[in-house]
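Dear colleague,

I am passing on the structure we talked about, together with some notes on what I found in it. Please keep it open beside you while you read.

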Amino acid sequence: MLKVLIADDELSIREGLKCVIDWENCGFRICGEATNGIEALNKINELQPDLVLLDIKMPGYTGIEVMKQVDTYCSKMGTPKPAFVILSGFSDFEYAKDALNMGAKAYQLKPVDEELLEKTVKEVAEEIHTQLIWDKTAMSQITSNVKGFITKTKHENVTVAWEELELQQYAHGE
């Protein structure tokens with residue numbers, strides 16, 4: 001089951017988001033909540049959710065600032081970055097553009113369209129599962145290639161060692 005974190009400074013929005021979607025049916029479980037940008041950043045680092053529903057304007061850090069900090073941290077640590085769906089009470093084009101440029105999967109206005117949000121969440125879940133399958137396939141291929149390389153290297157080393165032994169025996173007249 002994938003994990004979702006809900007980050008919004010409005011209690012009524014957080015409570016509503018827990019209820020308007022059948023999270024389990026979408027393949028998620030709610031792993032936590034955050035009431036401001038600083039708490040959101042800490043919870044993302046602690047809980048490592050697969051998806052974050054993130055308010056664009058919160059005390060502490062804005063949603064964009066949270067996304068930037070997470071991007072920097074994940075790049076530095078080599079860890080996967082969660083997917084973000086931005087929630088906003090502002091239909092400001094600049095906010096939407098910034099969020100989408102930072103990699104947000106969607107920018108949705110409050111009050112949220114429940115059907116659209118559920119559709120988006122299901123699409124994100126599918127995308128994450130597809131990526132996990134690709135990652136597993138790639139790791140399997142890498143493992144196979146490494147095993148083949150090790151086998152080949154061992155064979156070559158044995159062959160080289162055998163040839164060296166034959167040369168030594170020849171040199172000593174054996």
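Is Thr120 buried or exposed? Please bear in mind that this is a predicted model. Thr120 has a relative accessible area of 8%, and because buried means under 20%, Thr120 counts as buried. This residue sits in helix 5, which covers residues 114-171, and, if its neighbours within four places in sequence are left aside, Thr120 touches Val85, Ala106 and Gln108.

Turning to the sheet, you will find 5 strands in the order 2-1-3-4-5, which form an open sheet with parallel pairing. Its edges are strand 2 (28-34) and strand 5 (106-109), each of which pairs on one side only, and neighbouring strands are turned by 20° against each other on average, direction ignored. Strand 3 (residues 51-55) and strand 4 (residues 83-88) are joined in the parallel sense over 5 bridges, and Leu54 has Ile86 in strand 4 as its bridge partner. Across strand 3 and strand 4 lies helix 3 (residues 63-77), which runs at about 145° to strand 3.

Helix 2 (residues 37-47) has Gly37, Ala40, Leu41 and Ile44 buried. They lie on the same side of helix 2 because they cover an arc of only 100° around the axis. An α-helix has 3.6 residues a turn, so residues three or four places apart point the same way. The buried residues of helix 2 are covered by elements including strand 1 (2-7), strand 2, strand 3, helix 3 and strand 4. At the start of helix 2, a side-chain oxygen of Asn36 comes to within 3.0 Å of the backbone nitrogen of Ile38, while Gln48, which follows the helix, has a positive phi near 45°.

How values were computed: Residues numbered from 1 in each chain as written. Predicted model: local features only at pLDDT ≥ 70, side-chain atom pairs only at ≥ 80, totals over all residues. Heavy atoms only, no water. Pairing = 2+ DSSP bridges. Helix = DSSP H or I, 4+ residues; strand = E, 2+ residues; numbered from the N terminus. Axes fitted to C-alpha atoms, helices over the stretch in contact; angles between N-to-C directions. Contact = heavy atoms within 4.5 Å. Buried < 20%, exposed > 50% of the residue type's maximum accessible area, 1.4 Å probe, protein only. Arc of directions from axis to C-beta. Polar contact = N/O pair within 3.5 Å; in protein donor to acceptor, adjacent residues only side chain to side chain.
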